[in-house]
Amino acid sequence: MPTLYQAIEVNHCFKGTALSFEGKKISYSTFIDNVDIFASKLYAYGVRKNQVVTLVSPNVPETIYTFYALNKIGAIVLVVHPLIPPMVLNEAMESVESKLVIFPDIKYLDYKNSLKDKDYLLLNIKSDLNLLKSALYPLIYKSKLKNISKDKYIYRLPLSRESFEINKDDYKPSVYLRSGGTTGNSKTVVLNDKAFNNIAFQCHKILGFSQKEVEGKKMMAVLPIFHGFGLAMGVHSPLVNRATSALMISFNAKKIVKKINKNELSFLLLIPYMARKLLERKDFKGTKLKNLTHAFMGGDKADLKLFSEFNERMEKANSKCRLLEGYGMTETASVNFVNKLDSYKIGTVGKPIEGVKARIVDDEGKVLECGFEGNIEISTNTMMLEYLNDSELTKEVIEIENNDSWLKTGDIGKIDKDGYLIFIRRKKEMFKIAGINVFPSDINRIALTFEDVKDCATVFVSNDKHPYVALFLESETKNKVELAQLVKKELCSELIKYSVPEKIIVLDKLPRTNVGKVDKNALLNLYN
């Protein structure tokens, strides 16, 4: 099987659009030429095979060029959230022994003093914009762009004077992604090119199309590539299948509706929040919705009402598009189960895609029959190689049986008589806000560093329109408001914004169960 770079390079002569962004259309030939140029420049800079390079990943063309350029060289890419705080970025790099980070130029002042002994290169966001926005960019971000060395931009680096051997090993580690693991604690997942390509090469089957029918279609890519679903399905799959990856830095329902009306989007990748925002728009209706063919949803668990409302909107527009739920994990690169247009069942996450097997087992590992609730285990050709530097946990979650590797997902579900997987809940505690993993253990760890905090509890407040995280602190301090402010300030400095609790409530005593554990249900009942 080819590497990620080889899988897209073969499309160099295809006369179509590879990337669209902010009104710009980038052809396949231009896209792959830019990837090759970036690879030559990065190699000249000193990047080598198996070197770990950290990529701060907003959805802009230069990010995508850089990702594939690093893959061409054979480097390992640690892909991180585009809003990652400086302290967390430094810690993430140290955990994987990465000495080089590549980030957007407007983040320069945020990161330059926190990188310690790390080297950096810059993405030129201005070059990705249309003429008007490109002209305004230096004015809008003047304060953020001052004192930047122009020689730190990738596009200004010299080309390599020597040719280099293109990486052809699709089995070796190539991508590091952060995940909650199957334990609820953040881990680094090690993936290879084979895992992503196994998904990309059957994308047309998931869509119910022939490969030829996928050509020229447009996939919305609003989920950043630090997200396995965003990388595998939003970017790599369309580029492998000669479709267009429609890049969007952040979700904007108004822009998406405009793109649909102009026939610039065929496939949507959504989380429940995005689907709700689209439904709230009065212009998300009418015959133009026939331009959509598929809307796939993952991430947060959605209620059935959302599916019925979305599908009713499609039916009124005589659109064949339906909201189709799927299920996957970072440990398995992306989607593993999905509903399809010709075989979907609302309330389920679909059937296994090609190359995936599933079973439900009890706590002793006994395989359960259809209809019984238990632990979800997956065997797939997109399995991670390991959790980085944690062989014990890797052995704990991956079981080898009759030459099959079974991943213990840490999720609870059941398989119905027709083979559809019903996801019920996560066994280990982890929340999702806007599709982003939020780990209570990370929040609690920081809160407990404060001397006045005796105990704490992080809870997820489920709200259809606005789900959020609340942190409850146990403290006898008289300055409760001040303590809450101090804790929130520290959380903001160490966590991405989605992980920062919206509410921090300080109590003299946290309610507890009969066995002494914090009673989170009581907290929810009192303050929801």
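Author: A salt bridge is a side-chain nitrogen of Lys or Arg within 4 Å of a carboxyl oxygen of Asp or Glu. Side chains of opposite charge can pair when their charged atoms come close. This is a predicted model, where local features need pLDDT of at least 70, side-chain atom pairs count only at pLDDT 80 or more, and totals for chains, interfaces and linings use all residues. Residues are numbered from 1 along each chain as its sequence is written, and side-chain values use heavy atoms, with hydrogens and water left out.

The structure holds 25 salt bridges. One of them joins Lys187 and Asp390, at 3.1 Å from N to O. This pair links distant parts of the chain, 203 residues apart. Lys187 sits in strand β8; Asp390 is in the loop between β18 and α15. Helices (H or I, at least four residues) and strands (E, at least two) are DSSP runs, numbered from the N terminus. Asp390 is buried, at 18% relative accessibility. Lys187 is partly exposed, at 23%. Buried means under 20% relative accessible area, exposed over 50%, and partly exposed in between (1.4 Å probe, protein chains only).

Now take Glu309 and Lys305. Their closest N and O atoms are 3.8 Å apart. Both residues lie in helix α14, four residues apart, about one turn of the helix. Glu309 is partly exposed at 35%, and Lys305 is exposed at 55%.

Lys345 pairs with Asp416 at 2.9 Å. These two lie in loops, 71 residues apart. Lys345 is partly exposed; Asp416 is buried. Shared partners also join Glu94, Lys99, Asp117 and Lys118 into one salt-bridge network.
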